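Some labels used for a protein structure rest on cut-offs. The questions below ask what stands behind them.

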Amino acid sequence: MRGDKGEGGVIVHPYRGYGSHSEAFIMGRVFRQPGRLGRWKRGGVMRDLVDVARRVVRHGVADARVDIRLGATHATVNTDADGYFYAHIEITHTLPAEAMWHTAKLRVISETDAISTETEVYIPPASTDLLVISDIDDTVMYTGVANKLKMLYRLFMEKAHRRTAFPGVAPFYRALYAGAEGNRQRPMLYVSRGPWSIYEMLEMFFNMNRIPVGPILFLREWGMSLKRPWPRKAEDHKTDVIHNMLTLYDELPFILIGDSGQRDPEVYAEIVKAYPDRVRAVYIRKVDNDPERDAAIEVLANEMRESGCELVLARDSASMAEHALANGFISNEGLEEVRRDQQPWSRRASDE
């Protein structure tokens, strides 16, 4: 969208792919970007509003042909009615064992347009011992999901540099990525109920805060249009993503991270019940002051404990990191970095 100079046109946006040495998954969207009216070519609040509308109300190009090449493997898929494509590629050749990122080349043919592009596909190295799945909203980044209007404003209007990461999140996630030995390079997967149209902003936010971005951001299609101004419901979005990852990486244990504001504890409890030997820990960020909610989460924690998984409910990242260190998930240096990152915020809170 930044590159079209407000003129619009057909755009191909592939998202980061992921997979194993036997299969890979690549998703993206082909859409017609609306043009920007001439009088709003200059900066300002009105242009920001227009650009938000252009991101949200994008017209997907249906039935476009997408040719994908990953090494010696070739696959062809067509976009759906909303312009999305989702390719499941069976890898029949040997990929470089030492590489984590592999380049997939795409050629998209729609109407009279033929566009070539490429994307990255993440495949965990042989040394990977653990996989981390984290919620984004009110877990990594403050969005205030309890207040829907404020949440929508923060989702669409706030630029990446104005968004707030919770204290200690970045070093904690870097520590989980590196592991106790410092060289694990673990997969970091992020799930949000936000729309794919904020993908670019989230990438920028993660990079600016030095949070390991991992192979993929699992967002969802809201399906918003002038005729349907509210997002589609997707109650099972997070559950489906986690089930798919547990199936794909069927030999790896998991850590799940979320917050107390929505249904993360309940969703994760069901996952632990279904896969009792796969989830090593559940970290829940406490974002409210509701004793009844705390009691409900404690009940879930007791249920998980019977399956050999511990749920940690904490307001700060340091408490989570202390548990992670005690269980061998991160290094002592990683914990100290989390504590250092939280110190200015802790002093500010005590002064208030």
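Predicted model: local features only at pLDDT ≥ 70, side-chain atom pairs only at ≥ 80, totals over all residues.

Q: What percentage of the residues of the protein count as buried?
A: The figure is 52% of the 352 residues.

Q: Why is Thr73 called buried?
A: The relative accessibility of Thr73 is 6%. The cut-off for buried is under 20%, so Thr73 counts as buried.

Q: Where does Thr73 lie, and with which residues is Thr73 in contact, leaving aside its neighbours within four places in sequence?
A: Thr73 belongs to strand β6, which covers residues 73-78. With those neighbours left aside, Thr73 is in contact with Ile68, Ile89, Glu90, Ile91, Thr92 and His93. Contact here requires heavy atoms within 4.5 Å.

Q: What makes strand β11 mostly covered?
A: Of the eight residues in strand β11 (residues 188-195), seven are buried. Each of these falls under the 20% limit for buried.

Q: How do you know that strands β10 and β11 pair, and in which sense?
A: Strand β10 (residues 131-135) and β11 are joined over four bridges. Pairing needs at least two bridges, so β10 and β11 count as paired, in the parallel sense. Within this pairing, Val132 is opposite Met188 of β11.

Notes
Residues numbered from 1 in each chain as written. Heavy atoms only, no water. Buried < 20%, exposed > 50% of the residue type's maximum accessible area, 1.4 Å probe, protein only. Helix = DSSP H or I, 4+ residues; strand = E, 2+ residues; numbered from the N terminus.
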